[in-house]
Structures are given as structure tokens and as C-alpha cells.
Amino acid sequence: MKIIDRHYIDGRFVPSHGTATLDLASPVTLAPLARVTLGDEVDARRAIGAARRAFASYSKTSVQERAGYLQAIHDAILARFDEHIAVRTEEYGGVAKHSRFSIAGAAKVFLNMKKTLEAMPFSKKLGEAEVVSVPVGVAALITPWNSAVFMVCNKLAPALAAGCTVVVKPSELSAQQTRLLVECIHAAGLPPGVVNIVNGTGEAVGNVLSMHPDVAKVSFTGSTAVGKTIMRNAAETMKRVTLELGGKSAHIVLDDADLAQAIPFALAVGFANNGQACIAGTRLLVPRSRLDEVTAALAEAVAQWKVGSPADADTQLGPLVNERQYERVQAYIRRGIEEGARLLVGGPGRPSHLPTGCFARPTVFVDVDNRMTIAREEIFGPVLAVIAYDTEEEAIAIANDSIYGLQGWISTTNAARGRAVAERIDAGMVMVNRGFDLLDEAGAPAGGFKQSGIGREFGEYGIREYLELKSVFVE
Ligand code: NAD
């Protein structure tokens, strides 16, 4: 069993002041993997202090210096690429294809941010004013477990590009993955105190970060419920907040869709990352005129999905992150049945060939009404809800009838029609016939409408979340 009992503060791996521990188990075998020591308020304050001291000089660095650090972190992550994949497989249960995508994306985000930084104006003349962009201050980065390394990097890159120093509080469930990332960041040779990482729970460490007066900015990715708590906590000191929250995204299959494409696409975006993806298309909106055809094709396609160990290269669906998440998904499946949705495939319990571990059965419900719990709440597991519609107008209304607005998906053979429907979806990103092989290549922003969040990540939009604007007039 690995012991992770140090935080990374002021450029050093330091013993934890907090003494509580959390044991992490394999989601496949439930065997113990690691024991992580959780930081407390003192650890959080130490990290904030280090970041605050480092801010004085880091905020004054040149674009070239910061670009150099971004390049160095990128290189350091890639140098240990295979180890990242191995630990993500072991600790999280990530399947090979998604793990490669996620870790490659985590490294790439630094390169893309470097390009954005080098091209971005930090000062602009507007009439008699010079409008300058200055780093906001110490930023707290709080992240979830479902793509642990990518989520940290996707915040770290723009924060460092902007000239902020940071305290990261990663998910306590991804301590081994984070530890490897911290070693890479350490190897990149940034000045002490620029990046600090404290393991710990949201209640102990997260609350200090979202309330401490020396933290100017909180960037959070996680559930909407916790996002609301953070926003309330941050209000007292008027911190800037970026919140990347939950989703219950619709995938509209238009009546002209080619099912040979649309059905595999529906499963790929519905069950992505073992069903634990914020942008997953978990409400599948199907024209009633083609419902029988779609359900037959879905049943056949799901039966062929390979569920199993993430260590096997061809596994498509691995386990949920832990037993708690497994129980949560089971409760939603039972709730769907109780509320009158009909199981097309899957259902409660584990797949018959996987009697142990956190494996849920890939599940598709039909006869779902958009008012049912399984259509309204984020399940975060491999559960699709098929909802029938009669007209395109009704499909758009159902898609938008959600407290969330993170993502939209559309399948059609008519790109212009898909484009027109996309315009009417209330979401931060809409993909027509496209999977998420795209990341932040061109710096297009990602983020949520409504209760899916506030602010945007990627590219210049991402950096701007860590900058303040100042207008200077000189006579
Ligand atoms: P979570 O909200 O439970 O936890 C996220 C992080 O917040 C963890 O590090 C946790 O320790 C911390 N936290 C908990 N309570 C806190 C508090 N009071 N103050 C400060 N920090 C606190 O989310 P999770 O279960 O780790 O991740 C799953 C959720 O993340 C899903 O809702 C998913 O949709 C969302 N998510 C969103 C995006 C996006 O880009 N919008 C991406 C990935 C995941």
C-alpha cells in the first residue's frame, strides 16, 4: 500500500499537519491501494502563505518566462506519460483510450496555453486610456476525480499563464494520480511557492481556500451543489469565481439521422469515461417515428460493449470510481424503475461476468418522461434515458428543459439543419456529429449556461478568468 503523507508547499514535499487518513481501494478488486493523509486548515493556510509570497515576483515575470514554465511542465508530464496512464488505470479505473486522451490533453493544454499567451495582448490603447491586464492574485484551484490530472492542468495552465500563483486542492480520491503530477511540476523547476498542492477534503481544506482573504480567485470544477457552497463562501471577500459544474446534456437524434453513425455516437458520448463525464449526452432524444428502429439498434449495440477490467486494451467501459459511486448509480437505476421508465438493457447490479468491483451494467431506459428523476439529475454512471419527441420544436424544448446547460449533442445528416438547432440549445458547447476528440486546440471556450457554471476555460477566454482589467489615464 502506498503512503501519500506529504503536501507540496513552497517548492518542497512537506509532512502534513493534518493527521486524518483516507484509504483508497482499487475499483476493480477493492484491494487497498494507498493511504492518503488529509491536510487541515493549517496546511491550507501554509500553502496560501507560500503562494502569496511567491506572487510578488511571479506576477512580474515576462511572457517569455511564463511561456518557458508552461513548456517545461508539458515536457515533464509527457516524460512520464506511461506512468500517468498506469496510475489512472489502477486508481480510477480509466479505460486505455480515454486515459490516453485525458493525459495527452493534460500535457497539451500547457502547449496550447503557451501559444495563446505568446499571441495575447496584455495592454491595449483605447482612446486616451491604456487598458492593462494584470494577474488577479493567488488562485485556488479545486478539482474533481473524474479526469483528475486533466482537470488540474486545465486550470493550472491559464492561471500560470496569467501570472497567478496557485494552491491546488485536488480530489482526495485521486491522490496517487495527483502525486505523480506534482512530481512532474516539481521537475519543471518553477520558483518555490508558485504552485502549491494540498491533499484534503472539501470541508477542511476547500472551505479555507474559498474563504481566506488572501485568495483572490477560486476556479472550481465539480458538482453544482458544491459549486453553490463555494460561491456563497467566496462572496464574503468578493473572490472572482469560475465554476465548471454538472450537466444533464441532451443528444438530439434528428429524424434524418443515419443510425449507423448516431447509435455508436450515442453510446460513445453517453458512456464516456465509464459514464463519469460532465459533458456526457445522457438524455437521448429520439423522433417517435423512428423510436422502434433506435431502440432495436441501441439494444444490439449495448450488448456488444465490452465491460471489464481497464487493464485490458479493448475494454470500453470500466468500473465506477469507488463503491460509493457504485451505490449512487444503483440508487438512480432503482429510482428509474420505480418512476415507471422501462429498462431496455442493463439494470441494477453488476454484469454477470464481473461479480466483484465497482462495475455497473450499461443501462438504457426507454419510455422516459423528462420530468423523471433519471432525466433531471446527473447520475454520473453509464445510464442513458431515451425520451421520445414528435417535432423538432419539441426536441429543442425538452433539451432546454433542464437546470443545466453544459453541453449539447446533435446527430443529423444535414449539417445546416444541425447548425440551426445548435443555435437554439442553451449550452456552452454543442457538437453536431462530432465527438470530443477536439480539445482546446483553437482556444474555443468551454463552460456552462445556467446551473452548469460561470465562466469559461481554454484559450484567451481561459486566461482572462485570472486577470483583472485596469484602465490607466496619463495626462
Ligand atoms: P464534488 O463537487 O463532490 O467535488 C469536487 C471537489 O470539490 C473535490 O476536490 C472536493 O473535495 C471539493 N469540495 C467538496 N466540498 C467542498 C467545499 N465545501 N468547499 C470546497 N471544496 C469542496 O465533485 P466530484 O464528485 O469530485 O466530481 C463529479 C462532479 O464534477 C460532477 O457533478 C461533474 O459533472 C462535475 N464535473 C464538471 C466538469 C465541467 O467541466 N463542468 C468536469 C468534470 C466534472
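Partly exposed residues have a relative accessible area between the buried limit of under 20% and the exposed limit of over 50%. The close-up views below show salt bridges in a predicted model, which holds 27 salt bridges in total.

**View A. Salt bridge between E393 and R424.** The closest N and O atoms of E393 and R424 are 2.6 Å apart. This pair links distant parts of the chain, with E393 in helix α13 and R424 in the loop between α14 and β20 (429-432), 31 residues apart. R424 has a relative accessible area of 40% and is therefore partly exposed. E393, at 48% relative accessibility, also counts as partly exposed.

**View B. Salt bridge between E392 and R417.** In this pair, the closest N and O atoms lie 2.8 Å apart. E392 belongs to helix α13 (residues 392-400) and R417 to helix α14 (residues 415-423), so the contact ties together parts that are 25 residues apart in sequence. E392 is partly exposed, with 29% relative accessibility, and R417 is partly exposed, with a relative accessible area of 21%.

**View C. Salt bridge between D369 and R371.** A distance of 2.8 Å separates the closest N and O atoms of D369 and R371. The relative accessible area of D369 is 28%, so this residue is partly exposed. R371 counts as exposed because its relative accessibility is 67%.

**View D. A network comprising R80, E83, R179 and E183.**

Definitions and conventions
Residues are numbered from 1 along each chain as its sequence is written. This is a predicted model: local features need pLDDT of at least 70, side-chain atom pairs count only at pLDDT 80 or more; totals for chains, interfaces and linings use all residues. Side-chain values use heavy atoms; hydrogens and water are left out. A salt bridge is a side-chain nitrogen of Lys or Arg within 4 Å of a carboxyl oxygen of Asp or Glu. Buried means under 20% relative accessible area, exposed over 50%, partly exposed in between (1.4 Å probe, protein chains only). Helices (H or I, at least four residues) and strands (E, at least two) are DSSP runs, numbered from the N terminus.
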